[in-house]
Each structure stands twice: as C-alpha cells, then as structure tokens.
Amino acid sequence: MGVYWLGVGSAGSRPGGTGFLVLVATFAVAWLAAGLHALARPRGRAPAMVAVAALGLAVFAAVGPILLNAWIRGDYDRFIWVIRQKAPCDSMGGGPGTLWVFGTSWLAAAAATAYAVASGLDARRVAYGVAVGTSLCLVTALAMFPAPEVFAFVLGCL
C-alpha cells in the first residue's frame, strides 16, 4: 500500500493543493512504516498503539469516501461547482474518479483492518481505534460541510 501511495504522490501532473499532497504523503509514510515495521519486528504482536492507529485509519478510510461522495453530490450547485474546479476536484464527479476514491480507500481500510486484527487487539483497544477513526471522520465532516470552499481550498481545487 505504501508503494502504491508513493506512486500516486509522484504522478507526473501532481494534482491538488497542499492539503491533498499532505494526505497522500501521510498515507504513503503510514503504510511504508507499517510494512517496514512488520518486516523488521520479531515474531509476535505489534505494539498496541500502532494497531490502534491502523484501526482508526481503517475506519476513516472506510467512511471517508462516503463523506466525500455526500459532500459532492449533496447539493446540485456544489456538484457543478466541484467538477468545474481544477484537478483533483474536476474528476471527483465522474464514475472513474469515484471508483478510484472508493476502491483505493476501501483497499486501504481492508489492509489496515487485517493488520489490526493480526495484532490481536482486545476490546478496549478496538474501542480506542474506532474512536480515533470516528474523530477523524468528524473533523473531516466539520471541514467539509459548513464551508465547502475551505475544504476545496485545502484540497487545492480552487
């Protein structure tokens, strides 16, 4: 997954603004660190904090595309406004862009969930992971819905 996100981040056109590039860099670094950690650690369980963070990212990666889709398609005027912006927003309204966002995010969610499950989290730590993911989703929703222009600016669509 980390190599995939590195590829996305180093695409020739490098669409998007600072927020989008920070998001891609965060995903790339997180997945590369998790992969290297899994290879470097001796057999046994991963540190609980890493597994909790992975579960939080899994929740965010699973729910994030739904939030993005609701943000784009929740209002016809906003939908038209979004697809008239520069990349990456201009491709968010179409089928291929939507499939790419959902597919890559849910693939990341599945990988993070598998990592967390293999780490042997107990119920308390699962609750922490879900709380972290829910918090990320709430912060994202607060950035998206009250002022869509701010969210679009962070993505670099304006």
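I looked at helix α3 and found a bend of about 30° at V63, with a proline, P65, following within four residues. The bend at a residue is the angle between axes fitted to the seven residues ending there and the seven starting there. Helices are DSSP runs of H or I with at least four residues, numbered from the N terminus.

The model is predicted: local features need pLDDT of at least 70, side-chain atom pairs count only at pLDDT 80 or more, and totals for chains, interfaces and linings use all residues. Residues are numbered from 1 along each chain as its sequence is written, and side-chain values use heavy atoms, with hydrogens and water left out.

I checked the span next. α3 has 26 residues and reaches 38 Å from first C-alpha to last, close to the 38 Å expected at 1.5 Å a residue (1.5 Å times one less than the number of residues).

I then looked up α4 (residues 76–83). Its axis lies 6 Å from that of α3, at an angle of about 105°; axes are lines fitted to C-alpha atoms over the stretch in contact, and angles run from 0 to 180 degrees between N-to-C directions. That makes α3 roughly perpendicular to α4 (65 to 115 degrees). On the α3 side I noted A70, W71, I72 and R73, which meet R78, F79, W81 and V82 in α4 (contact means heavy atoms within 4.5 Å).

Terms used: Helix = DSSP H or I, 4+ residues; strand = E, 2+ residues; numbered from the N terminus. Parallel < 35°, antiparallel > 145°, perpendicular 65-115°, else oblique.
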